[in-house]
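I am opening my notebook to work through one protein chain. I will go from the whole chain down to single residues.

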Amino acid sequence: MEIQAPKGTKDMLPEEAYKWHYVENIFREVSKNFGIREIRTPIFEHTELFLRGVGETTDIVQKEMYTFKDKGDRSITLKPEGTAPAVRAFIENRLFNEAQPTKLYYITPCFRYEKAQKGRYRQFHQYGVEMFGSSSPSIDAEVMALAMNILKKIGLKGLSLNINNLGCPSCRPKYNEALKNFLKENYDGLCETCKTRFEKNPMRILDCKEKKCKEITKNAPTILEFTCEECNEHFDKTKEYLDILGIPYTVDPGIVRGLDYYTKTIFEILNSEFTVCGGGRYDRLIEEIGGPSMPAVGFGMGIERLIMTLDKEGIEVPKEPLVELYLSGRGESGVKEAFKLAHKLREIGVNAEINHAGRSFKAEMKYANKIGAKFNVVLGDDELESRKAKFKRMEDREEFELSLDDLESIKDIIKK
Ligand code: ATP
Ligand code: MG
């Protein structure tokens with residue numbers, strides 16, 4: 001029987017690779033503009049990291065983690081998100097001793113055992129950014145500006161930025177009390193997961209995807225009625241910095257985000273279908289994972305959802321030319337010359353292809369056309385004797401006669 005890929009996974013096929021390269025190049029380029037350096041952490045971590053780092057009452061920890069015992073009887077979890085591992089690496093490698101802030105980015109697969117559906121996979125990919133060591137609201141705004149900048153560079157238009165203030169350990173408990181009072185009457189109508197959240201972290205109930213829970217929380221009091229002066233000031237300044245950059249946003253007191261560690265600013269960037277990017281400030285996480293007390297802010301952007309949005313908005317991504325030159329050898333010495341020349345041209349950066357399939361000359365020309373080769377050249381006895389050949393540009397059939405020994409000139413014409 002044919003073996004199929006596990007549910008919720010997706011192959012990235014060669015024909016769509018150019019889109020991934022396009023967005024990944026933009027991630028790397030814009031990260032550089034913002035002084036952010038790359039970090040790569042393992043695919044798996046000790047489960048304990050996510051229990052502490054993501055939070056017991058989150059969907060991720062309660063339902064979604066790929067956790068297993070390895071052969072040494074350790075509890076291991078495939079990374080469901082990138083922040084806790086980045087924080088772990090920051091602490092373990094003592095990066096906090098360097099000049100701050102530390103600005104990091106990563107492009108990583110993430111694993112969550114979720115109900116597979118459109119834009120929701122069990123293995124997906126994130127571009128994420130974390131900035132450690134600054135409590136200034138300007139860095140909250142910078143992180144959002146960075147995300148928006150990337151989306152703009154990619155060419156996306158139909159996305160909006162929603163922000164909220166989640167408060168801090170001094171004001172959030174008052175809100176939690178008010179929320180519990182409000183939810184008390186409808187406790188029995190909540191889903192089982194939310195019942196466990198009621199005592200431990202009632203705010204998480206606002207993020208529940210169950211219809212019945214959504215209905216119950218519709219008119220709940222909002223956090224913005226309870227935030228303390230310091231949090232309000234931080235939020236106002238963050239908004240001011242966004243205004244300076246002319247970045248439009250909406251304050252949405254309904255967003256609470258899926259992770260427990262957030263404090264103060266949180267944000268989401270979404271289209272009509274789903275959230276593409278989510279992030280915020282998490283001033284207590286570094287300390288909770290065992291590092292020094294240090295503020296932090298960051299986000300994660302879902303790459304599959306980003307590419308789906310790109311397709312939906314009909315954005316034309318420049319295709320990478322796969323074959324720049326197709327070399328066709330006539331006769332045994334022609335075939336050998338094509339083999340050798342293709343190899344030499346590849347060495348200097350030309351994408352060259354030859355006949356490996358024993359095709360007839362006619363079939364070769366058809367094939368060169370089909371794969372969209374930019375140029376072709378035929379190497380037979382005459383060409384070998386004169387050491388010259390006609391390089392034909394497929395698009396307009398223009399021919400360039402060039403020396404077979406002048407590789408740089410061949411490259412120049414082909415790359416033009
Ligand atoms: P959602 O509310 O859609 O479940 P989330 O709050 O769990 O999202 P985060 O943990 O903040 O999402 O992850 C950041 C981004 O990663 C999301 O905005 C989304 O683009 C992407 N993402 C999250 N889960 C998945 C998934 N299962 N499949 C594909 N992309 C995902
Ligand atoms: Mg989720």
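**Entry 1: the whole chain**

I note here that the model is a predicted one.

Next I took the extent of the C-alpha trace. Along its principal axes it spans about 90 × 55 × 40 Å. I then listed the secondary structure and found 15 helices and 16 strands. Of the 416 residues, 51% count as buried.

**Entry 2: helix α1 against helix α5**

Now I turn to pairs of helices. Two packed helices are described by the angle between their axes and the distance between the axes. I looked up both for α1 (residues 17-33) and α5 (residues 137-154). Their axes come within 10 Å and cross at roughly 140°. That angle makes α1 oblique to α5. The cut-off matters here, because only angles over 145 degrees count as roughly antiparallel. I noted the crossing of α1 and α5 as right-handed.

Which residues meet in this contact? From α1 I wrote down Y22, V23, I26, F27, E29, V30 and N33. From α5 I wrote down L146, N149, I150, K153 and I154. Sorted by class, the residues of the contact of α1 with α5 are 8 nonpolar, 2 polar and 2 charged.

An α-helix has 3.6 residues a turn, so residues three or four places apart point the same way.

**Entry 3: helix α1 against helix α11**

I stayed with α1 and looked up its packing with α11 (residues 303-312). At what angle do the two helices pack? The angle is about 115°, and the axes are 11 Å apart. That makes α1 roughly perpendicular to α11. This crossing of α1 and α11 is right-handed.

On the α1 side, the contact is made by K19, W20, Y22, V23 and F27. On the α11 side, I listed I303, E304, L306, I307, L310 and D311. By class, the contact of α1 with α11 has 8 nonpolar, no polar and 3 charged residues.

**Entry 4: helix α7**

Which residues of α7 (residues 192-200) are buried? I found T193, C194, K195, R197 and F198. Then I checked what they pack against. The buried residues of α7 pack against α3 (59-64), α6 (172-184) and α8 (211-217).

I picked V143, which lies in helix α5. Is V143 buried or exposed? V143 has a relative accessible area of 0%, so it counts as buried. I left aside its neighbours within four places in sequence and looked for contacts. V143 is in contact with M131, F267, V297, G298 and F299. I also took one distance. V143 and G334 are 191 residues apart along the chain, and their C-alpha atoms are separated by 58 Å.

My other pick was A342, in helix α12 (residues 331-347). A342 is buried too, with a relative accessible area of 0%. Not counting residues up to four places away in sequence, A342 touches L327, A352 and I354. A342 and E408 are 66 residues apart along the chain, and their C-alpha atoms are separated by 13 Å.

**Entry 5: backbone exceptions**

Last, I checked the backbone. Most residues other than glycine have a negative phi, and most peptide bonds are trans. I looked for exceptions.

Where is there a cis peptide bond? One joins Q100 and P101, with omega about 5°. P101 lies in the loop between α4 (83-92) and β5 (102-111).

D73 is not a glycine, yet it has a positive phi of about 65°. D73 sits in the loop between β3 (67-69) and β4 (75-78). Its relative accessibility is 56%, so D73 counts as exposed.

K264 is not a glycine either, and its phi is positive, about 55°. K264 is in strand β9 (residues 263-270). K264 is buried, with a relative accessible area of 10%.

Notes: Residues are numbered from 1 along each chain as its sequence is written. Chains are lettered from A and ligands numbered from 1 in the order in which they are written. This is a predicted model: local features need pLDDT of at least 70, side-chain atom pairs count only at pLDDT 80 or more; totals for chains, interfaces and linings use all residues. Side-chain values use heavy atoms; hydrogens and water are left out. Axes are lines fitted to C-alpha atoms, for helices over the stretch in contact, and angles run from 0 to 180 degrees between N-to-C directions. Helices (H or I, at least four residues) and strands (E, at least two) are DSSP runs, numbered from the N terminus. Angles under 35 degrees count as roughly parallel, over 145 as roughly antiparallel, 65 to 115 as roughly perpendicular and the rest as oblique. A crossing is left-handed if the near helix is turned anticlockwise from the far one by less than a right angle, and right-handed if clockwise. Contact means heavy atoms within 4.5 Å. Ala, Val, Leu, Ile, Met, Phe, Trp, Tyr, Cys and Pro count as nonpolar, Asp, Glu, Lys and Arg as charged, and the others, Gly among them, as polar. Buried means under 20% relative accessible area, exposed over 50%, partly exposed in between (1.4 Å probe, protein chains only).
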